[in-house]
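Subject: Structure handover

Hello,

Here is the structure for your files. My notes follow below it.

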Amino acid sequence: MSDEFPWLKKVAVPGAENDEAKANDLETASNHKQQKSHENSSGVANASEALETQSGHDFSENDTEKKNVAGEDVAEDNATEEHETNEREGRMGVLEHLQEFRKCLTRMVLAVVLGFLPCYAVAAKLFTILMQPMNDAMSKVSAQASIALTPDFFKVLESAIANILLEKGEQYAEQTALFVASLQSVLQNTGLGQSRFIYTYPPEAFFAEVKVAFVAGFFLVSPYLFFQLWKFVAPGLYAHERRWIWPIAFLSALFFVTGACFGYFVVFPVGFEFFAQFSTESISFMPKLSEYLGFALKLLIAFGVAFELPVFLFFLARMGIVTGQGLLRKGKYFVLVAFIIGAILTPPDPVSQSLMAGPLILLYALGVAVAFLFGKKKKTLNKTES
């Protein structure tokens with residue numbers, strides 16, 4: 001068309017250039033506004049993103065703190081559960097208890113056998129020591145008899161016979177002391193109504209020494225025996241209570257031996273003298289070896305067990321079964337029980353009963369003091385106050 005109308009190229013439209021400039025200016029302004037709008041929107045987006053990032057960081061910190069607190073709570077709960085588990089570790093079922101009892105019983109029997117071996121080597125001396133209270137009682141009763149021959153009489157007799165036999169030779173005079181001592185023993189055992197121990201079964205004396213050796217071995221290894229006994233009870237105790245096993249085992253053995261010694265040195269002389277005084281000229285006291293031995297050993301063990309009263313009360317107080325206040329309120333009843341026990345275990349005379357009941361009452365008072373000091377009531381009160 002420009003080729004056909006060349007003159008159109010040279011004709012200028014009035015105002016066209018101004019319109020084109022204005023269009024360019026409007027376009028530039030529009031572009032500038034769009035750029036500013038884009039920048040503003042970018043700034044808002046960046047600010048929003050920064051705000052979201054900050055809030056996310058804060059939320060993350062809060063979440064972390066919550067997780068830490070929750071972790072601490074869980075750790076505390078786990079520690080509490082672990083502590084309770086440790087406190088009750090060692091609790092076993094019935095079969096485990098039976099197996100542990102079998103092992104404990106086996107160890108105790110082996111310990112008694114090991115204690116028996118050295119005691120059997122000195123069984124004759126131990127047997128003589130155990131017979132001594134009855135021998136002394138019979139000698140004392142014989143000395144009070146109306147036909148009693150004093151020791152001075154036998155000394156004068158020995159001197160007179162020695163002077164007579166000195167003329168026949170010194171070898172005869174040297175044997176005078178042995179003759180007079182034998183004569184004194186025979187006269188005291190027969191003419192004065194006093195008897196020696198007798199046995200009617202041939203191996204009775206042998207088994208008597210074996211029995212004495214076993215009982216002596218039991219006393220010898222008693223600390224280990226009581227330790228095994230308390231060790232068997234230990235699974236039912238808490239961890240802090242199981243630390244008392246060795247001290248309790250030692251105290252149990254100490255009280256047991258002390259009770260046996262009290263029976264031997266205090267009760268035996270009084271009781272046996274009471275029994276021996278019924279011997280007269282027409283009634284001869286002839287104690288049978290096995291019967292006396294069984295009676296004496298039963299008394300020794302009975303006194304040993306009776307002296308375990310403070311340890312027994314300590315165990316019951318720690319278990320919360322008894323309290324110091326309850327034991328103190330029931331003390332008057334135990335006084336009656338103590339005299340009943342004394343009447344059963346000792347000869348039927350007031351002195352022997354008092355010798356048995358008195359220590360039992362003192363041991364009960366000691367047990368009451370132990371219950372006040374080591375009982376479970378004070379611990380429970382402290383927990384309630386806290």
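Glutamine 228 is buried, as its relative accessible area is 3% (buried means under 20%, exposed over 50%, partly exposed in between, with a 1.4 Å probe and protein chains only). This residue sits in helix α8, residues 222–233 (helices are DSSP runs of H or I with at least four residues, numbered from the N terminus). Leaving aside residues up to four places away in sequence, glutamine 228 touches Cys104, Arg107 and Met108, where contact means heavy atoms within 4.5 Å.

Please keep in mind that this is a predicted model: local features need pLDDT of at least 70, side-chain atom pairs count only at pLDDT 80 or more, and totals for chains, interfaces and linings use all residues. Residues are numbered from 1 along each chain as its sequence is written, and side-chain values use heavy atoms, with hydrogens and water left out.

Next, a helix pair. The axes of α7 (residues 204–220) and α11 (residues 289–306) come within 10 Å and cross at roughly 10°; axes are lines fitted to C-alpha atoms, for helices over the stretch in contact, and angles run from 0 to 180 degrees between N-to-C directions. That angle makes α7 roughly parallel to α11 (under 35 degrees is roughly parallel, over 145 roughly antiparallel, 65 to 115 roughly perpendicular, the rest oblique). On the α7 side the contact is made by Glu204, Ala205, Ala208, Lys211, Val212 and Val215, and on the α11 side by Leu289, Ser290, Leu293 and Leu297. These residues divide into 7 nonpolar, 1 polar and 2 charged (Ala, Val, Leu, Ile, Met, Phe, Trp, Tyr, Cys and Pro count as nonpolar, Asp, Glu, Lys and Arg as charged, and the others, Gly among them, as polar).

Then the aromatic rings. The structure holds 23 aromatic pairs (rings of Phe, Tyr and Trp, the last by its six-membered ring, with centres within 6.5 Å; planes under 30 degrees apart are stacked, over 60 edge-to-face, the rest tilted). Phenylalanine 197 and tyrosine 292 form a tilted pair, 5.0 Å centre to centre with 50° between the planes. Phenylalanine 197 lies in the loop between α6 (176–190) and α7, and tyrosine 292 in α11, so the pair ties together parts 95 residues apart in sequence. Both residues, phenylalanine 197 and tyrosine 292, are buried.

Phenylalanine 272 and phenylalanine 295 have ring centres 6.2 Å apart and planes at 50°, so this pair is tilted. Phenylalanine 272 counts as buried at 2% relative accessibility, whereas phenylalanine 295 is partly exposed at 36%.

Regards

Methods:
Helix = DSSP H or I, 4+ residues; strand = E, 2+ residues; numbered from the N terminus.
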